[in-house]
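Keep the sequence and the 3D view side by side.

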Amino acid sequence: MSSHDSLAVFAALAAELQQEPDEALTSRAIVTRMRDLVPEADQVSLTIRTSRAGHKTLASSDPLAEEADALQYALGEGPCVEIADTGGWLRSGDVGTDSRYPSWGPRAAELGVGSLLAVAVTDPEGPLGALNLYSARTGAFADRDVVDLALVYAVHATTALSSARRASTLQTAVSSRHVIGMAQGIAMERYGIDQHQSFELLRRLSSTTNVKLRDVAAQIVATRAIPHERVGEPVDD
């Protein structure tokens, strides 16, 4: 692929990824386009770091990739786990005999994995996760141009994923405010209280039941009843 062709391909990919409306659709598009871009990749997955210092597969092109990912998470060993935490990239040309992964490698080979290339998905605050390219044959991803292609693509994937997450967070916040407002309206009508008192009521219910405020509000909206009413507890004004 020439330099001009590469620029055209990545411009088209960037535009396409930015059009995806949410994190799930963006993630699926990321793994699908990566697989199209690197013919050596039989399967592609996207690992993301979780808030509890763990990892999960956000999207995969094939169940095998997801299973190989899950083994890495369970064993705490493997290229995508390492890259998701540290950044950069790693390649294993023969996972079954790779001394760096004595536990994961042989088990991945039994699944049908021969080679793996993992490249970090990183934003300015640090690694978000990793793109994992699996091949059934050994010796894959040895060409440095393939690695560079994956690294450049990962930059576009990071931008798309970050944008989708921001949009999802904003949408969730707007939705939460709407649901909370509806629940306040029910409480105000039921008890003859004002807006401030209705919010304090929801906040207390959230605290005493150890349930998120939005979930308490959603429950009230769905049932048209205040939780304390169903257990016979009085509600203070």
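Ser 60 touches Val 31, Val 44, Ser 45, Ala 65 and Glu 66, leaving aside residues up to four places away in sequence. Contact here means heavy atoms within 4.5 Å. This is a predicted model: local features need pLDDT of at least 70, side-chain atom pairs count only at pLDDT 80 or more, and totals for chains, interfaces and linings use all residues. Residues are numbered from 1 along each chain as its sequence is written, and side-chain values use heavy atoms, with hydrogens and water left out.

Stay with Ser 60. Buried means under 20% relative accessible area, exposed over 50%, and partly exposed in between (1.4 Å probe, protein chains only).

Now look at its polar contacts. A polar contact is a pair of N or O atoms within 3.5 Å; within protein, one must be able to donate a hydrogen and the other to accept it, and residues adjacent in sequence count only if both atoms are side-chain atoms. The side chains of Ser 60 and Glu 66 make one of 3.2 Å. A polar atom of the Ser 60 side chain also lies 3.4 Å from the backbone oxygen of Asp 62. Ser 27 is 33 residues apart from Ser 60 along the chain, yet their C-alpha atoms are separated by 8.4 Å.

Ser 60 belongs to strand 2, which covers residues 55-60. Strands (E, at least two residues) and helices (H or I, at least four) are DSSP runs, numbered from the N terminus. Strand 2 pairs with strand 1 in the antiparallel sense over 5 bridges. Two strands pair if DSSP finds at least two bridges between them. Arg 49 has His 55 of strand 2 as its bridge partner. The two strands form a hairpin with 5 residues between them, and Ala 53 in the turn has a positive phi of about 60°.

Strand 1 has another partner. It is joined by 6 bridges to strand 5 (residues 126-135), and these two run antiparallel. Leu 46 stands opposite Leu 131 in strand 5. Why is strand 1 called largely enclosed by the rest of the structure? Because 6 of its 7 residues (43-49) are buried.
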